[in-house]
Amino acid sequence: MSKYWFRKKQLGFGITPASWEGWLITLVYTGLVALSGRFVLAPGRSDTAHVIAFAAVVVTLTILLIVIGYAKTEGGRGGKPDKR
């Protein structure tokens, strides 16, 4: 059985890191979003093309995070966490 990186939140919607791999993925995601904001939206680059590029990067990274989270969350999607 593979080790889960995330677990479902006890209250509300979403997942939370449950292992060092989950925390690493979360930190890498946060860092990449911050870096893309720093370099794509650097001072003097706030025209429409750069804003669209930044949005595309953030959407792509978020989809990747969701796919990884879905694959590495205990209990799959929806409902209450499995009691094992």
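The legends below describe views of a predicted protein model.

**View 1. The fold consists of two helices and two strands.** Contacts can be sorted by how far apart their residues lie in the sequence. Of the contacts between residues at least 6 apart, 47% join residues at least 24 apart.

**View 2. The protein surface has an accessible area of about 6,400 Å².** Carbon and sulfur atoms supply 69% of this area. The protein has 84 residues, and 18% of them are buried.

**View 3. A nonpolar patch lies on the surface.** Its members are Trp20, Leu24, Val28, Leu32, Leu35 and Phe39. Together, these six side chains belong to residues with about 630 Å² of accessible area. One of the patch residues, Phe39, is shown again in the next view.

**View 4. Phe39 sits in helix 1.** This helix covers residues 20-40. Is Phe39 buried or exposed? The relative accessible area of Phe39 is 54%. Exposed means over 50%, so Phe39 counts as exposed. Phe39 is also part of the nonpolar patch, along with residues including Leu35 and Leu32.

**View 5. Lys72 is placed over the face of Trp5.** The distance from Lys72 to the ring centre of Trp5 is 4.9 Å.

Technical notes:
Residues are numbered from 1 along each chain as its sequence is written. This is a predicted model: local features need pLDDT of at least 70, side-chain atom pairs count only at pLDDT 80 or more; totals for chains, interfaces and linings use all residues. Side-chain values use heavy atoms; hydrogens and water are left out. Patches are made of residues with over 30% relative accessible area and no salt bridge: like charges are joined within 9 Å, nonpolar side chains (Val, Leu, Ile, Met, Phe, Trp, Tyr) within 5 Å. Accessible areas come from the Shrake-Rupley method with a 1.4 Å probe; for residues, only the protein chains shown count as cover. A salt bridge is a side-chain nitrogen of Lys or Arg within 4 Å of a carboxyl oxygen of Asp or Glu. Helices (H or I, at least four residues) and strands (E, at least two) are DSSP runs, numbered from the N terminus. Buried means under 20% relative accessible area, exposed over 50%, partly exposed in between (1.4 Å probe, protein chains only). A charge sits over a ring if NZ of Lys or CZ of Arg is within 6 Å of the ring centre and within 35 degrees of the ring normal. Contact means heavy atoms within 4.5 Å.
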